[in-house]
Every structure is written in C-alpha cells, then in structure tokens.
Amino acid sequence: VLSQADNELLCRVGPETPMGALFRRFWLPALMPSELPEADCPPVRMRLLGEDLVAFRDTTGAVGVVAENCPHRGASLFFGRNEEVGLRCVYHGWKFDTSGTCVDMPNEPPESNFKPKVRVTAYRTAEWGGLIWVYMGPGELEPELPRLDWCLVSDTHRQLGKWISHSNFAQGLEGNIDSSHVSFLHRDFGDGGARGLMNQDGAPQLTVKETDFGFVYGARRNGPDGQFYWRLTPFMLPSFTLVPNPSWPRTGHCVIPVDDEHSIWFSVTYSLDEPIPQSIRDDYAAGLRGQPRLKPGTFEPIATAANDYLIDRQIQKDKNFTGIINVREQDMAIVETMGPILNRTIEHVGTADLAIIAYRRLLLRLARSLQDGRELYAPYHGDIFRVRTLDVVDAEPQLGTLMEAHKDKFLSLV
Ligand code: FES
Ligand SMILES: [Fe+2]
C-alpha cells in the first residue's frame, strides 16, 4: 500500500510535479518514424508528460517537437503548414523552426524587432533504436541516449509495436515487473516447455537487487531435480523492462506517460544475430503478437473497456485463463480496469509483489532526492542500460551469486 500522498507523488507527471521532473531527466521514446515518414510531411499531435505538443519533420529531415499552441495567440500548430524548414501557424503566418525560433512574422512590419523576442517551447529530439525520442528537461542537463540492447541492433533485427493505454504509466510498469501474473493472467492451457515450468510453480520467491540503472529482480521457482528455475528481469529507469523469455526472441517494454491517465506502450522484439522473420512482422501488424489489435491508422486498441476486451467465456473455459485472446490485450484489460490511476491505499501487497514495492520505493526516493536538488546518475551514463535478461535452471539459491556466475550473459555488456 501507499499513502494517498505517495500515490500522487508516484503517478502525477505534469510540469512542476516531482515525478514529472524525474521523467524530464531522461530521453523518452515517443513516436514511430512512420508517423513522420518524410521531409515536410503532415505534423502530428502528441501529448507527453501532460503537455500538448506537435511534432514535425522539416525540409532537411530534422524532427521538431513544439508546444501545440502558437505563442502569438494560441492557435493550434497542428494545422500548421510544414514548409521551407519550419512550421507555419495558419492563423497569422508566424513560422517556427525545430529549435523553436520564430523565423518569420509576416503580419508585423518589416522594421519590427518583435520576432527575435518570440519563441515557441521546443524540445530536443533524437532518432535512436528505431524510434523518435524527445528530451523535455532543462537544456543544460541533456542526458545521454540509453544504450539499451535493442537500440544497438540494426533495424532489420528489431520489430517495434506502439499503442495507447488508458491508464497511468505506473500501473502498467508494475505489470511489466510482476513475474507472478504470467502464471495466471497469461496462462494458455496448451502451453508446455518453460512456460510449463512457470505454471508448475505459481508462487516464485522474489529477490531484488538495486543497480545503477534501476534494479534486477530474480523470480526463483522450484525446478526439476531439486534445482531452481530463475528468471531475472532488469528494470531500467525510468520505465524500461525486458522479458526473460525461455527462448528466442528477446522482448521488452517501455511505458511512457502521456499524461496522468494515459500512457504510450512500446513493445520490442529483437535479435542479436538474425533478422526478424517476416512472420513475426506480420503477426505484429495483425495484432497476433507483441501488441494489441489496433484500429486501422491509429494506436488505439480494438479491445477496450467499452467492449470488455472482447472476452469470450467459452475460450476462458477451454483455452486460456482469461478468455481474452491476445497477451497484450490481457494486460490492458487488467491495468485499465484498475481505474486510470490505481488507488494504492486499498491494496494488499504480498511477498509476490516485492519487485513492485522496490519499484515504488526507488522511484519515490529518486523523485524526492531530485526535488532536493540531487541530480540522477542514470541519465548521464548511457552505457549502464546495456543489460540483458537471464532465464536459467541452476542449483544456485542466491540472486547475488547467480548474477555473478552468469554476468557474462547478462550484465557485463559494457
Ligand atoms: S496565432 Fe499563430 S500566428 Fe497568430
Ligand atoms: Fe502481462
């Protein structure tokens, strides 16, 4: 449980909030490059950390992200003309470049010195790991791009998915570090193999080890021959996780706050040594894997609270635990129907929730210390993000020793 005050501190991300400040210390992925496919293409609206923004790709191919409302009299720059290296407001023609500088003010006399005094709020952007990232923090504190494993492979070796969840980022993230729900929410009655190992022991013993990038938690299940089935999941600040899959492919998630009650989810499937097969790309597109089925041309899932996530009670009897077909739709059904901001004062967290407790403590502690003027370590050390998961059957009962024994596969990638 959290106090009401701590729950607010954890979940609120707008300007002037402590958690909003924490997120504003990191580069945040926000757009798929396909949303801005070419120079001078139509701008797109977006909302991040409670701020309404417009993104555009200018004539040179550079991506700009600016406040949606024009600094002249507030018209929406979404309607702007994206032309000749800038976005021009259609109300009175003021034009801004990707840095936010006003480069043309055609309704003022040429001798006016008003233009240099006007700027639109603009954020830095980067194209990295197959996504467009935005940095919304203080200009002098620009962080390094995180050298996440999946950002370092070529585009051919990576498939990304994106969708919007109608829920606060923290409850989504808490699902992504919640090993024990996999044995239930995602149980498929036809599952064998390592998923089978997971299903045999639905009460893993959890251990958390804090690291400079966030933490690692180990879920230890009883395995064959008196050994342990260990799954090690890294949580990387501010909201990246990887899934310790029993076998190829490698997958991960990231939950980025749109505002207090919505988030962008990215899922990634990647491989270190082979291109992603077309079958996986097709499955993504069809919403059969990696992401929910989406309304065409949008990032809005088809399965929503309004249709009870298309639950089928017969499937729930015969085929899987939930009666909901798609794994990500199963996740959305749960995290969204908790309410847009989960009331954590009413929970009963148990020993299976250790990683979630650790996550809340870490974020609250870092947000408070940032508020007290102590800057974070992780944003300025992009290399520490280069970690992998571990999924192994091993006799070792202790997380620390296990991490040490397997670190060549797992942590020492720097
Ligand atoms: S409101 Fe944008 S130019 Fe006037
Ligand atoms: Fe899940």
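Predicted model: local features only at pLDDT ≥ 70, side-chain atom pairs only at ≥ 80, totals over all residues.
Residues are numbered from 1 along each chain as its sequence is written, chains are lettered from A and ligands numbered from 1 in the order in which they are written, and side-chain values use heavy atoms, with hydrogens and water left out.

Six strands form an open sheet in the order β1-β10-β9-β4-β3-β2, with antiparallel pairing (strands are DSSP runs of E, at least two residues, numbered from the N terminus; two strands pair if DSSP finds at least two bridges between them). Because β1 (27-31) and β2 (44-48) stand at the edges with a single partner strand each, one side of each is left without a neighbour in the sheet. From one strand to the next, the twist averages 35° (axes are lines fitted to C-alpha atoms, and angles run from 0 to 180 degrees between N-to-C directions). Within this sheet, β9 (residues 122-128) and β10 (residues 131-135) run antiparallel and are joined by five bridges; R124 lies opposite Y135 in β10.

A second open sheet comprises four strands in the order β5-β6-β7-β8, again with antiparallel pairing. Its edge strands, β5 (81-82) and β8 (102-104), each pair on one side only. Two bridges link β6 (residues 87-88) to β7 (residues 95-96) in the antiparallel sense, and L87 stands opposite F96 in β7.

Strands β12 (residues 205-211) and β13 (residues 214-222) form a antiparallel pair over seven bridges.
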